[in-house]
Each structure stands twice: as C-alpha cells, then as structure tokens.
Amino acid sequence: MSEPSAPDAVRLASAQGRWVLLTAVLGSGMALLDGTVVNVALPRIGEDLNADLAVLQWTVTAYLLTLSSLILLGGALGDRFGRRRVFVIGVVWFATASLLCGLAPHAGVLIAARALQGVGGALLTPGSLALIQAVLRPEDRARGVGAWSGLGGVAAAVGPFIGGWLVDGAGWRWVFFLNVPLAAVCVPVALRHVPETRERGARGRRGFDVLGAALGALALAGVTYALIAAPNGGAGPGVLLPAVAGVLLGVLFVQVERRRADPMLPPAIFRIRQFSAINAVTVCVYAAFSGFFFLSVLQLQVVVGYSALQAGTALLPTTVLMLLLSARSGELGQRTGPRLPLTVGPLLCAAGLLLMMRVGRGASYFTDVLPALVVLGAGMVTLVAPLTATVLASVDVDRAGLASGINNAAARAAGLMAVAALPLLAGFGPEAYRSPDAFAAAFLRAMPLCAGVLVAGSLIAWLTVRTDALRPEPGAEEPCHAKTTYHCGVTAPPLDPGEEPRTPDR
C-alpha cells in the first residue's frame, strides 16, 4: 500500500498539481533546450565572433564544467534552504546568464556567461524533479515524474529544430534569449502555485559540501584547459601546469570526500560493484555521445553545406526514436535483464557512428545521414532505459536519488572531457572548422575513436553487469524501479528518484 498523504500534499489531477507540473517542465525544459540548441549555433558563433575551434569547445565545456561539478550540491541546497526557493533562484540565474550569453560582445564574455549558465542549471535541474517529489501526493508521484520526463523529452526532441530555425532567422543570440521569456512565465507560476518544502534533519544536510564541489570543479577546469590549449600550446608550461594542477586537485578532492562526514560524493557508494560498473559504462557511452553531437553538427554545416535549420532537423531521428520507444525498451530490459541491452546498445551506437564516416561533401540525407542516425538512435533506445534502471537497482532505496544524481553528473563530466579531448586526439587544428577539407579529414579520424569508446563500454557491460541486476535477491525486497518513462537526453541519463519497492507487507 502507498504511504499516507501529507495533509498539504497536492493531487496531480488538481489545478494546483497541474501548475506544479508546468513549473517543473518549464524549468527543466530550459536546460534541456539549451543542451541541444547551442551545438547547432556553434558555426555561426565562431563566424560572428571570429573565434577558433577552442572557443567553440569552451562554449560547450564551460557550461558542462559548472553543471557537472555543482549538480549534486544544487539538490542538497534545495533540501536545506527550500526547494522552491533554490529552484526559482536557479531559473532566474539561468535566464540572466542566458541574457549575458546573447549580449556577449566577444568570446571571453560568452564563455564566462556559459559557465554562469551551468551554475543556474545545477540549481534548477535537480530542483524541478524535487518539486514534484516533495509537493505531489506519494501515490501521484510516479505519474508526475513520468509526465515530467515525457514533456521534457518533447523539449529535447524539438530543441535542434528550434535552434536551427532561430540561428538561420533572428541569429544565434536568440538561442540564448529564448530562455528569458520561459523564465518570465516559470517564476511567477512557481511563486504563486508551488508550496515551499524543505527536508529537515540529517538527510537534509547530506551532500552540503561546498569545498568538495569547488575542488571538483577546479580539477575538471585544469584538465579541460590543458586539453583544449594543447593544439596551440603543445607541451609547454601553459598546458602542463594546468594539467598537473587539475590532477593534484582531483586527488585532493578524493581525499576530502573520504574524510568528510557528509560528502557530496560519498566514496562508499563506489564500493558497490554493480554501481561502479554501470557508471563506467555511463562514462564510456556519454563521452562518445557528447563528442559525436559536438562534431556532427559542425560536419553537417561546414562540410555537407547544411544550414543551421537543416542540421538541427537532420538530428531529430535520434531523439524522436528515444521519445517513442524508450518506455518499451525499459520493459524489455526488465524481461531480459540489463546485461544484454547494455552490451548490444553501445555496439549499435558504434555502428551508427562508423556509418557517419560516409557523410561528406555531396552526401545524401536519405542514403547517408539518416541510416547512420537511425542506427545510432536504435542503440540509444536499447541502452539508456536499462542503464537508468540498473543504476537505481544497484543501491538501497534511500540512496536511489543520490545514485541517479551521481550517474547524471558522471555522464556530464565524461561529455566535458570528450569535447575537450576529441579535437586534440583527432587532429583538429584551431581553424579546422573554417576549412571543409581539413574538418572532413579530422572527422573521419574522430568517429572511429568515439566508436572505440562505445565498444569499450559494451565490453565493460558484458563483463561486469549481472543479468539479474534488476531482480530481487532471494528473500529481499523488490529493487527500486525507475519512474522516468521517457529518455530523450543525449548528453546525460535522466535524473530519477526511483520508485519505492513494493512488498507484500506494505
């Protein structure tokens, strides 16, 4: 049986419940849109700001850097200081930073504003889910989270189309300006219709770790800077010093987290073999996805000659397939066990990336681009829902939300490293995106690298993920199940609080 509703809990079917859902969808939709529309605008940003490839990399990685470093802290802040309050601050922060991005007179301001955007994203992304969990009645939460994930999936699916339409029409700056009217609707609705909630006691303090978040961000920043600067700086002090500093700060971060009583990233959770294994798979697949989507929109525009709208529309099949089929994939994973889909899915994605090597000058969309994206989308559909379910099933129920947050942050950090490292490894020069021939040659080197990372993820899944990982141990409660039905994010798996186990006594 479901636990009793709190006296002030809100029914999803009520007018207030619908307002709560709208608030959460508007907030998370801003971040989901931003995660897909900005890549489409990159060539125009570089042309308008007279920027090299490093600036385009930083336009993506500055956002991922602060978002991945602070997203766990953002959830803890909401628990302590009020979920609605922190969510509204995140929305306002995100919209203000978006306005600064749109007004940026040069690359330095744009990159700084993108880093600020990531801070806002770290506050609003976990906050949008937390509002549903905290405000709705327990028996309505699973449906609320499902609706939230489905509507968010629509936002992710249409993002590249909207981004391309804005870039070709009003200009790339409107990709960022778009967030301002969304925030102008979201904030008043939240303040008027969403009650304030916070978590009291020890659990509310868990993860409130500013020092850990700062060390993690600085460690990632040092390594990222070194990777992006290497094509210009070689092995000089300007590259080696940030790299060494980043590694040392990473070691210090691990030591601090081990000694804290309330760490943001509890090291003990990684002693769970299945949790560590599934996060290793996550790092591999989302590193490859982020590298691919960063380069593919450039390939389509620089080499094939697509407009921004055409490039954005061309990528729709992957997210549409995920939107339509992810629920069925989750059901299939429950029947077969996660090992098979987590092994086959990355291999399908790798095949899709290798098919993208056919996409060059004069490529046909229907015979060259579409088949690659359909195979890639089929692989993503196969693996993402079972991946999320396995993350949740690998830990105790009371740590499901933390496990999902760690998994989401790991994927974003992997994407950050991929966007920083892939151009270096594939030999993209600073001005490569201005030359179709140079970019096409480097793209042909990059796709096998991404495919190889996916194959590594498949191998890890085959060797470490148990077939029965989603089934209860003999005599144990049923494992925690995912609440998110639709999975459409191409940069990270969905945040999911998990569904409480049902036992005969409840």
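The domain bounds used here come from an automatic or database domain assignment. Colour by them: domain 1 covers 9-195, domain 2 covers 209-263 and domain 3 covers 265-470. Residues are numbered from 1 along each chain as its sequence is written, and side-chain values use heavy atoms, with hydrogens and water left out. This is a predicted model, where local features need pLDDT of at least 70 and side-chain atom pairs count only at pLDDT 80 or more, while totals for chains, interfaces and linings use all residues.

Next, show domain 1 and domain 2 together. Their centres, taken over C-alpha atoms, are 26 Å apart. Across the boundary, 10 residues of domain 1 are in contact with 11 of domain 2 (heavy atoms within 4.5 Å). The pair buries about 790 Å², with 75% of that from carbon and sulfur atoms (accessible area, 1.4 Å probe, lost on being put together and summed over both parts). Now select Trp58, Leu65 and Leu73: these three supply 53% of the area that domain 1 buries against domain 2, more than any other three residues.

Last stop: helix H11, residues 273-303 (a DSSP run of H or I, at least four residues, numbered from the N terminus). Pick out tyrosine 286 and phenylalanine 289, which sit 3 residues apart in helix H11, about one turn.

Technical notes:
Buried area = accessible area lost by both parts, 1.4 Å probe. Helix = DSSP H or I, 4+ residues; strand = E, 2+ residues; numbered from the N terminus.
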